[in-house]
Structures are given as C-alpha cells and as structure tokens.
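Hi,

Here is the structure I promised to pass on. Have a look at it first, and then read my notes below.

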There are 2 protein chains.
Amino acid sequence: MATIEHPLILLVEDEPAQREVLSYNLTAESYRVNLAQDGEEAIMMVREDSPDLIVLDWMLPNLSGIEVCRRLKSRAETRAIPVIMLSARSEEVDRVRGLETGADDYVIKPYSIVELMARIRANLRRVRPSTVGMVLEFQDIRLDGETYRVTRAGKSLQLGPTELRLLATFMERPGRVFSREQLLDRVWGRDIYVETRTVDVHIGRLRKALCRQGGDDLLRTVRGAGYALG
Amino acid sequence: MATIEHPLILLVEDEPAQREVLSYNLTAESYRVNLAQDGEEAIMMVREDSPDLIVLDWMLPNLSGIEVCRRLKSRAETRAIPVIMLSARSEEVDRVRGLETGADDYVIKPYSIVELMARIRANLRRVRPSTVGMVLEFQDIRLDGETYRVTRAGKSLQLGPTELRLLATFMERPGRVFSREQLLDRVWGRDIYVETRTVDVHIGRLRKALCRQGGDDLLRTVRGAGYALG
DNA sequence: CGCTTTTGCGACAGTCTTGTAACAGTTTTA
DNA sequence: TAAAACTGTTACAAGACTGTCGCAAAAGCG
C-alpha cells in the first residue's frame, strides 16, 4: 500500500483487454486507479471520488465519451479535472471535435503507452504541481516522497503511515484549512467510516512528532473549521 | 558516499516525442542516456562512447534500424553490446527478421514502459563480459556487476540469486522506498505469481547475509509502504 | 463571569503489519 | 546420484498503529 497520496485516475474503457493493460501500467506507475465501464458509471464515479485525471475512451456503450466529456466540462466542480480522450479514429476532424468538447488531450489508438503515460504526467503536473516522488518542503520540515523520510531542521522524524499522509496532505497546500471531513476523505479514503474526532487524535500525534525535537507548533487549529499548516 | 557507475544507454529514435519520453524514463531509472537521431549518428556514437546497451528504433531516416544493428553485430568490438529493437510493426515476420539481424531483444510498439525497462534491466544483467564497470556501491557494500561478487567492508558475502537481484535493485536507487509489489515486479518478474509476503522472507535473508559479519542493518522497513536501502 | 461548545490528549483494547522459524518442493552442484 | 543450496509458503509471536472514549482544558459568547 502506498503511503503518500498518489494521484487517482479514473479509467473509462469498456473493452476488457485494453482496460487491463492500461490499468496495469497505471498501477505500475504508482497511480491509484478507478475503473468505469460506461459513460453513466463514469459520471457517477467522478461525482463520488473526484479523481485527479480521467482517461476516457471515445467509444462507449450507453453514453459516448464525447458526451461524458461535454457534461463534465459543463459543470464547474468537475471542469478542472483533466480529461484525456482515447480514440481509434485518426481523422483530423475527430481530433478537433474531441478537443472541442473540452478534452484536455487526445491520444489516437493504437497509441504508445509510454506516450499516454507522458501525457498523463504532463496533465497532472499542470493541475497538481506536487506529485508522487516529489519533495515537499515547508519551513524547516522536509518530506521526501521517494525515501519516505521526514525531517525537521535536519533531524529525522518518526511518523506512522497515517501521520505521514496527514502531513503530506497539509504540505501539498500549506496554509490551507482542511475540515475534518476533508481530511478523512483525503487521508483515510472516501469510503471508510471513521469518527471525525479521530482526526483530532491524529493531529495531536502529528503535533507531538513534529515538536518532539523542539520547534514551534506549526499545525494551526481553526476553531469551528479544521486545521491548517503554518 | 557512494560512487555509482550507471549504465550508459544509447537511444536511437528520430521522433522527438518518443525520444523525450524514453529519455525521461531512462534518466528516471538512473541510466545515463546518449541520444542519436539517425542511423549514421548512432554508429558514430557507438564508436565514441561504447554504450552498455542500445535502444534502437526500427524506422530511421538515413540508415534503417536493421542495417545499424547488422553493422554493429558484424564488428567484434561492438558485437557484445545488447541491442533492443523498437518497432511499430507487429507481424511475426518482422520479429524474426529483427532477431535475425542480431538484435538481442525486440519490443513492439505500443509497449509498456514497464516492460521495456524490465527488458533493459534483463539484458544489462545478461552481459557479463564486456559490460563496463557497473559497480554499485553504497556505504561499505559493493556489488560488482561483472563478477556478481558482493562484499561488505571488504569481506565477501554469500548471496543467493534472488537476494543478489534484490540487493541490486535497492542499490540502483539507494534510499528509495520500493513497495512489495514493485519489488516483485523488478526482482521476480512481472508475470510470475508469488505471494507478497515472500518478499519479507527474502528481505530477512538478505538482512541476515548483510549483517552476518557485523555492521548495521541497512535495510529500512517503511511500515505500510515497503523497504529501502539506507 | 458562568455557561456552552469545541478541542486536546491520556489510556486502552483491538487490529494490522512485520520478522522469522520451519518445512516441503526444486534446482544446482559435486 | 546424492548432497547441498535455494525457493515459496505458512503459521505464529512481537510489537506498532489505530480508533474510540472520557474527561480536562480552552475558547467563544452573552
């Protein structure tokens, strides 16, 4: 299991073989993957899990890829999620139509998986600057996504998996206030049922870990709202 | 600190997009990369830099991949360098022809980056003689890619094949945390079915071997994530 | 100030992860 | 061919980590 928040990708593809290959490669690249088999399921899963990026097949049963894309792009909440269209059609016309519907990128089958991966990386970088394997820094705290090492003022800190993910979440957006619900969502996962007060306890533990070697308390409590870093 | 001689790979590919993606990925895997855009440049760079492995596109301007391969394989000095052919053609005929010209391996586009990397690793491992250096070092551990001898603090260690590959994987990227799945992928191979717990056992065995003659335990367990060296 | 609401945090029991010995089957070596 | 080395799996124990609760402390509020 990965400890630091890896980007979640929604893969919408009806053909099983394709789905498996893509899913395998995405997982191998350390993305979390959600699968949808048709347009309606896709729309539903976007609402539920709000993925970081969507890989969308053009031809779909039920609700075509274009239509799915159009709908996603017409709603403010989902508009920002990058969509990469996959299509067997190679006509320029279609490329244009694909982009017109608001897709952020467009890959023609048969495509190189390497290329697709590159586009995914590029599009993720665009919306979400700090990704897997990156080093997050805030003041004298340093979190290395590759070695999973956390240091404060040069001294190594001992964190449990949950504390680590919690810290990573804060460090991806220093200063931002996260509600307990948002934290549960991001750190624990969308479908796990945990008491909201549990967040408090882990915040406490993280605080203790961060201050053990001295230094200010960098986790700010925002009464009635949640917590923030710095 | 460690002095690591990373294998040099010559990448021969004329299409800029492909080139960039591959180059990026190779670099990310800690290889040194040389680029050539056509057959003639490739031949020249082989003479100059004698790379450890060549990734060669089939379709090239100027001098085709097959021809380049044939020439390299007909000269004694360059014969031993592994060549991996990339091709968009999928016909069995071509595969055979590719190997006939002396290519050591053959990957059909669109390929999985994971697979290509695996083949590169495999081919680099295979060539014992004529592989330049490829000595991995970390602290007082030394892994000689030619003789497959491992020493710690000068004393020779006895490792089984699996332990050796495991150690090599870690030493290629000291500090990086590998999940059990990633280790299975890299050390055991992607299509072998093995329990993930098996990794633990081999880590234990490697640990024991590394510490037998004394010294710290250099294999770090990252709870919930995997293992890392150092 | 009292009173109410929210947060901090020690304690604890249950759960999950990891280390490792044992073992049986296979492969390699002598 | 027999012995030795190596592998993958399992079961179990130790210990790390987690979630919850309860009460104390702090913060808002009139």
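Let's start at the DNA: a polar side-chain atom of A:R180 sits 3.3 Å from a phosphate oxygen of DNA strand C. That counts as a polar contact, meaning a pair of N or O atoms within 3.5 Å. For A:T221, an N or O atom of the side chain is 2.7 Å from a phosphate oxygen of DNA strand C, and for B:Y227 the value is 2.7 Å too.

Before going on, some ground rules: this is a predicted model, where local features need pLDDT of at least 70 and side-chain atom pairs count only at pLDDT 80 or more, while totals for chains, interfaces and linings use all residues. Residues are numbered from 1 along each chain as its sequence is written, chains are lettered from A and ligands numbered from 1 in the order in which they are written, and side-chain values use heavy atoms, with hydrogens and water left out.

How many residues surround DNA strand C? There are 21, and A:T221 and B:R197 are among the closest (near means a heavy atom within 4 Å). Sugar and phosphate make up 51% of the DNA strand C atoms that come within 4 Å of the protein.

A:T221 also turns up in a sheet: its bridge partner in strand 12 of chain A is A:Y227. Strands here are DSSP E runs of at least two residues, numbered from the N terminus, and two strands pair if DSSP finds at least two bridges between them. Four bridges join strand 11 of chain A to strand 12 of chain A, and these two run antiparallel.

Cheers

Conventions. A polar contact is a pair of N or O atoms within 3.5 Å; within protein, one must be able to donate a hydrogen and the other to accept it, and residues adjacent in sequence count only if both atoms are side-chain atoms.
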